[in-house]
Amino acid sequence: MSLLEVNNLKKYFKVPAGVNHAVDGISFTIDKGETLGVVGESGCGKSTLGRTIIHLQEATDGQICLNGEDITHVKGKDLKRVREKMQIVFQDPYSSLNSRFRIETTIEEPLKNSGRFKNKKELKQEAARLMNLVGIDERLRQSYPHELDGGRRQRVGIARALALNPEFIVCDEPVSALDVSIQAQVLNLLMDIQEQTGTAYMFVTHDLSVVRHISNNILVMYLGQMVEKAPTEELFEHTLHPYTKALLSAIPSTDIDHPMQRVQLKGEITSPINPAPGCRFAARCPYATEACREPQKPIEVSKGHFVSCCRVNEIN
């Protein structure tokens, strides 16, 4: 049984022009100790997907199961219990931390609210353990967020997410605002913690180099829908969907003798508001035909490799 199972998840927003289909029929599973990378360009629904799974936003339709339990519409005490098992690391560590709380207080807050600790001594010991786990120096425990650099602030966010020993963490572009050297430190920290605790991650990013480094499987989104999903090396070695090919071609290459042939996408981006049935990438796809106007269902072309394209066998 998978740790997390998401079936046909949808999240719609009512806007003046109609209904925005931010997440539209996404399905996947994540096992304990695994990382699912979710990639796509800005506005494709990556962050909304993560926030909907952990109930920062309520799902419009579909099903979310954690350890076999349907948690799609949990509320009250059940929601509090579920949230202890599912946490999030936000993209901007500065705006996600309370500027009036010292670092130690920020990490202690979820511990206090859980009611798991009998006295202040145990509370402070656990906070100290978490700070040590993520590499925050003891001398910084009384510092405020503005006194830390971006890497240390993100470590605080990770420590807060780990406070209640969650089974699943949504990492919402946790390294996109950091310098490259600090990015590597934070990524290695996340991988070390996963090895020690068996925590599963959903790693949301637009950086395919990062997602290749950390993920077991990769899910590619386009305008709220899944276009391709596969094990990491399988996706990079046997890319099948035209949109995924365009994404991979945009990765900067250091090989000056064999530069990557850039795939240039043309055409207008389809609006996610009241979209017509069919492939939403069709307006930019050089292989689109009338068949692409019909709803696209994921096809398993090889073990674990799914592609939402009716012409996948013709164009590859």
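What we are looking at is a predicted model, in which local features need pLDDT of at least 70 and side-chain atom pairs count only at pLDDT 80 or more, while totals for chains, interfaces and linings use all residues. Residues are numbered from 1 along each chain as its sequence is written, and side-chain values use heavy atoms, with hydrogens and water left out.

Coming back to Asp149, its side chain meets that of Arg152 in a salt bridge, at 3.1 Å from N to O, where a salt bridge is a side-chain nitrogen of Lys or Arg within 4 Å of a carboxyl oxygen of Asp or Glu. Arg152 is partly exposed as well, with a relative accessible area of 32%.

When I speak of helices and strands, I mean DSSP runs numbered from the N terminus, the helices being H or I with at least four residues and the strands E with at least two. A second salt bridge joins Arg212 to Glu233, with the closest N and O atoms 3.1 Å apart. Since Arg212 belongs to helix α7 (residues 208-214) and Glu233 to helix α8 (residues 232-237), this pair ties together parts that are 21 residues apart in sequence. Both ends are partly exposed, Arg212 with a relative accessible area of 39% and Glu233 with one of 38%.

Because Arg141 sits in the loop between α4 and α5 whereas Glu104 is in helix α3, the pair ties together parts that are 37 residues apart in sequence. Arg141 has 27% relative accessibility, so it counts as partly exposed, whereas Glu104, at 8%, counts as buried. Over the whole structure, a search finds 15 salt bridges.

Glu104 leads us to helix α3, residues 103-114, whose buried residues are Ile103, Glu104, Thr106, Ile107, Glu108, Pro110, Leu111 and Ser114. These buried residues pack against α4 (120-133) and α5 (150-162), and contact here means heavy atoms within 4.5 Å.

Two packed helices are described by the angle between their axes and the distance between the axes. The axes are lines fitted to C-alpha atoms, for helices over the stretch in contact, and the angles run from 0 to 180 degrees between N-to-C directions. For α3 and α4, the axes come within 9 Å and cross at roughly 115°. The residues that make this contact are Ile103, Glu104, Ile107, Glu108, Leu111 and Lys112 on α3, and Leu123, Lys124, Glu126, Ala127, Leu130 and Met131 on α4.

Ser114, also in α3, counts as buried because its relative accessibility is 17%. Setting aside neighbours within four places in sequence, Ser114 is in contact with Glu84 and Leu164. The helix is then followed by Gly115, whose phi is positive, near 70°.

On the α5 side, I would point to Leu162, which lies in that helix and is buried, with a relative accessible area of 6%. Not counting residues up to four places away in sequence, Leu162 touches Leu130, Leu133, Val134, Ile169 and Ile193. Of these, Leu133 is 29 residues from Leu162 in sequence, and 9.6 Å from it in space, C-alpha to C-alpha.

Finally, the rings. Rings of Phe, Tyr and Trp (its six-membered ring) pair if their centres lie within 6.5 Å, and planes under 30 degrees apart count as stacked, over 60 as edge-to-face and the rest as tilted. A search of the whole structure finds three aromatic pairs. In one of them, Tyr222 and Phe281 have ring centres 5.2 Å apart and planes at 85°, so this pair is edge-to-face. The pair links distant parts of the chain, 59 residues apart, with Tyr222 in strand β9 (residues 217-222) and Phe281 in the loop between α9 (242-249) and β11 (299-302). Tyr222 is buried at a relative accessible area of 2%, and Phe281 is buried at 1%. Together with Tyr243, they form one aromatic cluster.

How values were computed
Buried < 20%, exposed > 50% of the residue type's maximum accessible area, 1.4 Å probe, protein only.
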